[in-house]
Amino acid sequence: MTDEAVAVPAERKERYYVRFTLAQRYLHATLFTSFLGLAATGLPMRFSDNPAARFFANAVGGFGAILFFHKFCAIVLTLAFLYHLKDLATRVLVHKEKGLFWGPNSMVANWKDAQDLIGHLRWFVGLGPKPKFDRFAYWEKFDYWAVFWGMIVIGFSGYAMWFAPFFARFLPGWALNAVLVVHGEEALLAILFIFSIHFVNTHLRPDSFPMAMVIFTGKEAYVGV
């Protein structure tokens, strides 16, 4: 029997970091419920000649009822977006919060995100180590700013159709026809992106399967020594 030292693994400690505040979690819940409502009501109208769409419309009281709930969800989503803009303005102008537009805690893309993207692609094919991301990774920033794009393009085109007599005062007739196409196609793109990219990447990737709970708890665990 020897007196060789036996390595004893250090105790692994689990720490939690606050990633989202309660207000941010409520805002996200409002965002995704209103978005799902818009998708559920928008698709039957977009494909109104489909038998499944007609069956759904008859079950809920007709396409008029679907349009009513579509507009209701649009108002809820718009109010949530405006609240977020107000929150950003308050944090910058009133609370003088630093690092909101730059630094490791910012949602604004920077040079490090480009480096992380390249490093991530290299890691995928075994050509380098996995990069260490800031608080928000490059794909999360893309998801975040995609909402702004959607609110501008899909939101404006939707309200232009809703209040067509008002917008017809300063938009030509062809523009009102164009917003119908833009609204439908961009909405389809948004739905496909949410379910094929955002949802899968957030909840179904190996390190978060079957569901990432951070958006519900606000806390993310870090296991270290």
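Which ring does the charged end of R46 sit over? I looked, and the ring belongs to F47, with the charged end of R46 5.0 Å from its centre. My criterion for a charge over a ring was NZ of Lys or CZ of Arg within 6 Å of the ring centre and within 35 degrees of the ring normal.

A note on ground rules before I go on. I am working with a predicted model, where local features need pLDDT of at least 70 and side-chain atom pairs count only at pLDDT 80 or more, while totals for chains, interfaces and linings use all residues. Residues are numbered from 1 along each chain as its sequence is written, and side-chain values use heavy atoms, with hydrogens and water left out.

**Aromatics.** I searched the whole structure and found 18 aromatic pairs. Rings of Phe, Tyr and Trp (its six-membered ring) pair if their centres lie within 6.5 Å.

**Core.** Next I looked up the largest nonpolar core, which has 15 residues. Such a core is a set of buried Ala, Val, Leu, Ile, Met, Phe, Trp, Tyr and Cys residues joined through side-chain atoms within 4.5 Å. F20, L38 and Y144 have the most contacts inside this core. I then checked the helices (DSSP runs of H or I, at least four residues, numbered from the N terminus). At least two core residues each come from α3 (63–94), α5 (138–162) and α8 (214–217), and α3 gives the largest share, five residues.

**Surface patch.** L36, F195, F199, V200, L204 and F209 make a nonpolar patch of about 540 Å². Patch residues have over 30% relative accessible area and no salt bridge, and their nonpolar side chains (Val, Leu, Ile, Met, Phe, Trp, Tyr) are joined within 5 Å. A salt bridge here is a side-chain nitrogen of Lys or Arg within 4 Å of a carboxyl oxygen of Asp or Glu. Areas are Shrake-Rupley values with a 1.4 Å probe. Helix α7 (residues 173–204) brings the largest share of the patch, four residues.

**Single residues.** K96 is in the loop between α3 and α4 (111–124), and its phi is near 55°, a positive value in a residue other than glycine. K96 is exposed, at 58%. A59, in helix α2 (residues 51–60), is exposed too, at 59%.

Terms used. Buried means under 20% relative accessible area, exposed over 50%, partly exposed in between (1.4 Å probe, protein chains only). Rings of Phe, Tyr and Trp (its six-membered ring) pair if their centres lie within 6.5 Å; planes under 30 degrees apart count as stacked, over 60 as edge-to-face and the rest as tilted. Patches are made of residues with over 30% relative accessible area and no salt bridge: like charges are joined within 9 Å, nonpolar side chains (Val, Leu, Ile, Met, Phe, Trp, Tyr) within 5 Å.
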